[in-house]
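This report covers surface, core and confidence in one protein model. Please read it beside the sequence and the structure shown here.

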Amino acid sequence: MKHKTRFFVIWFALIAALLIASLLVGGATNKEAVQESMRDAVLHESNVINLFGLKNVNPGLISGFIVTLLLLAFAAVVRIFVVPRFRYVPGRLQMLLEQAVGLFDGLAKSNSPWRNRFLGAYIFAAGAYIFVGTLSELLGLQAVTVSGHSIALPAPLSDVNGAIMMGCLSYLVILSGGIAGNGAKGILLTLKEFSLPISMSFRLFGALLSGLLVTELVYYYSNLSFGLPVVVGVLFTMLHALIQCYVLTLLTSIYYGEVSNPEESGKKRRKKAAVDGSLPGAE
């Protein structure tokens, strides 16, 4: 108990010292206006990176490549070295993996009782990409732009192009569920939700970008750049990683379940419910 109290006292003393230092330090002038800094955080007009001498690309694309390679490498290591050693009484790593798989598998089965095996695999992959990709911003990986200065790589989905592709990919998965469940009618059922990829894309992009812009504003003013960016950056990043991972996977599984529901089975259930409701004593 004494060690915990001492830890909290030291922690709060450090925060207080950083706060006093931030108030005493005057605001330094920045060569780049705050509007230009925020505009570049969205559009990436100046902070672009040369991709193997082929083309100038947004930093978010480089982050996407890195996150994808890390996830593929982790999946290969787990499949080759970890899965063959699974035991009846699970260890910590096995329990963690089983809980993660069971979470998305249960989400797929509860929202889409029909053809949910592929849906479970997709929302697991999409959720892992969103979660790990968002947390990758905390690593502060550096890259050199074409102008010669170093920048920290942002989250892949803070780039509007990456968010749009994630939304469109999820919409195509929903469309595939409609075709598998109802054939040509499934296409019409899915096309009724024509605004779905737009809403999913910009919800994801806006949520991740808001955290990036808030952190950018805090870093911009030097009298706020002592300790506060760490708290703000970690808080926004963790919240967005969890919330957006859950929101996109939930929406995908719900819409997938709606369009993949066989219409004949739905009619039979409605007819049976109507008959049951007409029986004496039925509520």
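Ile66 is partly exposed, with a relative accessible area of 30%; partly exposed lies between buried (under 20% relative accessible area) and exposed (over 50%), with a 1.4 Å probe and protein chains only. The residue sits in helix H3, which spans residues 59–82. Helices (H or I, at least four residues) and strands (E, at least two) are DSSP runs, numbered from the N terminus. Together with Leu70, Leu139 and Leu141, Ile66 makes up a nonpolar patch on the surface, with about 350 Å² of accessible area in total. Patches take residues with over 30% relative accessible area and no salt bridge, joining like charges within 9 Å and nonpolar side chains (Val, Leu, Ile, Met, Phe, Trp, Tyr) within 5 Å. Accessible areas come from the Shrake-Rupley method with a 1.4 Å probe, and for residues only the protein chains shown count as cover.

The model is predicted: local features need pLDDT of at least 70, side-chain atom pairs count only at pLDDT 80 or more, and totals for chains, interfaces and linings use all residues. Residues are numbered from 1 along each chain as its sequence is written, and side-chain values use heavy atoms, with hydrogens and water left out.

The protein has 10 helices and four strands, in the order α-α-β-β-α-α-α-β-β-α-α-α-α-α from the N terminus. Of its 283 residues, 34% are buried.

The largest nonpolar core has 23 residues, of which Tyr122, Ile123, Ile130, Leu157, Met166, Leu204 and Leu248 touch the most other members. Such a core is a set of buried Ala, Val, Leu, Ile, Met, Phe, Trp, Tyr and Cys residues joined through side-chain atoms within 4.5 Å. At least two of its residues come from each of helices H4 (92–111), H5 (117–135), H6 (160–182), H8 (196–220) and H9 (228–259). H5 gives the largest share, six residues. A second, separate core of six residues includes Ile49, Ile62, Ala143 and Leu153.

Contact means heavy atoms within 4.5 Å. Leaving aside neighbours within four places in sequence, Leu157 is in contact with Tyr129, Ile130, Gly162, Ala163, Met166, Leu204, Phe205 and Leu208. Ile179 belongs to helix H6, and its C-alpha atom is separated by 8.3 Å from that of Val259, 80 residues apart along the chain.

A salt bridge is a side-chain nitrogen of Lys or Arg within 4 Å of a carboxyl oxygen of Asp or Glu. The count by this rule is one salt bridge. Lys109 forms a salt bridge with Asp105, with 3.2 Å between the closest N and O atoms. Both residues lie in helix H4, four residues apart, about one turn of the helix.

| Residue | Relative accessibility |
|---|---|
| Lys109 | 47% |
| Asp105 | 29% |
| Ile179 | 41% |

The average pLDDT, the predictor's confidence in each residue from 0 to 100, is 78 for the protein, and 70% of the residues score at least 70. Over residues 26–31 the pLDDT is below 50, and this stretch has four contacts in the model beyond near neighbours in sequence. Residues 278–283 also have pLDDT below 50, with two such contacts. Where pLDDT is low, the predicted coordinates should not be read in detail.
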